[in-house]
Amino acid sequence: MNTLPLTLFWQLLRRDIQERYTGTVLGAAWLVIQPLLMLLVYALVFGEVLQLRFGEHHTDGQFAAYLFAGLMAFNALAEVVTRAPGLLVERRELLLHSALSPALLPLLPVAVSLGLEAISLGLLLAWLLIHGQWQPWGWVFYLPFVVARLLLSLALSYWLAVLGVFLRDLRQLMPPLLGVLLLISAVVYPPELVPESLKVGLLLNPVAQLVQGYRDALLEGRFRWETWLGLMLLASGLLFAGRWLFQRLMPRARYVL
C-alpha cells in the first residue's frame, strides 16, 4: 500500500495549521484562546445586552452556550466555504508536481474544520458542566450531526475547489454570502422569533436545521432523527454530485493552472 499521498496530506494539514499563527506571540495557543475569548464575549456582552430579547435563553451561561453551540456548527462550515474556492490555486505547485491525488486536497479544509470544532466542543462541554447544564447523552446525539456536517462540508469543498479554478471571484464572494447565511439561519437568534410566514424558510434551510440539531443535542439532550436523516440525504447527494464534477473538471483545471 502506497502511504506517500497520506503522508503528504498529513504534512499539509500540519503546515496549514502552523501557518495560521506564524509570527504571532502565542502561536498555536490561539487555537484554544480564540474560541475561549469568543465564548466569554458572548457570556458577558450578548447575554447581558440581549437577554430580554431571547425569552427563555436568559439565565447566566444559558444564552452564551445557546449562541456558541450554533456558531460552532456555522463556523465549521464557514471555515470550509471560505478556504475551498482558493484551495487548488494556492496548492498549484503541489498539485502539478507531487504524488498527492487532487481528490485529497478538498479534504484539507474539512480536516482543519474538524480540529477547530473539536476544540470549541471541549470548551462548550466544560462550560455546560460548570453551569450545571450538562446533558449526559448530549455528545452522543451530537456525533451523528457531526457526520452530517462533515459530509456537507466535503461536498461543498469539492464543488467550490474545482469551480474556484475557473471562477476566481468565488473567493471574494463567499464572505458576504456567509454573512447573509448567518442572518437567515437562526444562528444568533432563536427560531421562535421568526414570523410564522417565514418559518418555512428555516425548514428548507439546511444550515438552520444543522444549527438546531447541534443545539438540541448538546443543550437539550434530544436527537432530531428526521432532521438528521434529511441532512444526510442532502449531503450525500451533494457529495456524489460534487465528486463527479470534481473528477470531470479536474483535467481542464490542471490546464488552467
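This is a predicted model: local features need pLDDT of at least 70, side-chain atom pairs count only at pLDDT 80 or more; totals for chains, interfaces and linings use all residues.

Reader: Fine. At what angle do H7 and H10 pack?

Author: About 160°, with the axes 7 Å apart. H7 covers residues 138-166 and H10 covers residues 206-220. Angles over 145 degrees count as roughly antiparallel, so H7 is roughly antiparallel to H10.

Reader: Is the crossing left-handed or right-handed?

Author: The crossing of H7 and H10 is left-handed.

Reader: Which residues meet there?

Author: From H7, Gly138, Trp139, Phe141, Tyr142, Phe145, Val146 and Arg149. From H10, Leu210, Gly213, Tyr214, Ala217 and Leu218. That contact of H7 with H10 has 9 nonpolar residues, 2 polar and 1 charged.

Reader: Switching to rings. How many aromatic pairs?

Author: The count is 6 aromatic pairs.

Reader: Where do tyrosine 158 and phenylalanine 246 lie?

Author: Tyrosine 158 is in helix H7, and phenylalanine 246 is in helix H11, residues 225-256. So the pair ties together parts 88 residues apart in sequence.

Reader: Is tyrosine 158 buried or exposed? And phenylalanine 246?

Author: Tyrosine 158 is buried, because its relative accessibility is 4% and the cut-off is under 20%. Phenylalanine 246 is buried too, at 2%.

Reader: Last one. Which residues form the aromatic cluster?

Author: Trp137, Phe141, Phe145, Phe223 and Trp228 form one cluster. Phe141 and Phe145 are also among the H7 residues that meet H10.

Definitions and conventions: Residues are numbered from 1 along each chain as its sequence is written. Side-chain values use heavy atoms; hydrogens and water are left out. Axes are lines fitted to C-alpha atoms, for helices over the stretch in contact, and angles run from 0 to 180 degrees between N-to-C directions. Helices (H or I, at least four residues) and strands (E, at least two) are DSSP runs, numbered from the N terminus. Angles under 35 degrees count as roughly parallel, over 145 as roughly antiparallel, 65 to 115 as roughly perpendicular and the rest as oblique. A crossing is left-handed if the near helix is turned anticlockwise from the far one by less than a right angle, and right-handed if clockwise. Contact means heavy atoms within 4.5 Å. Ala, Val, Leu, Ile, Met, Phe, Trp, Tyr, Cys and Pro count as nonpolar, Asp, Glu, Lys and Arg as charged, and the others, Gly among them, as polar. Rings of Phe, Tyr and Trp (its six-membered ring) pair if their centres lie within 6.5 Å; planes under 30 degrees apart count as stacked, over 60 as edge-to-face and the rest as tilted. Buried means under 20% relative accessible area, exposed over 50%, partly exposed in between (1.4 Å probe, protein chains only).
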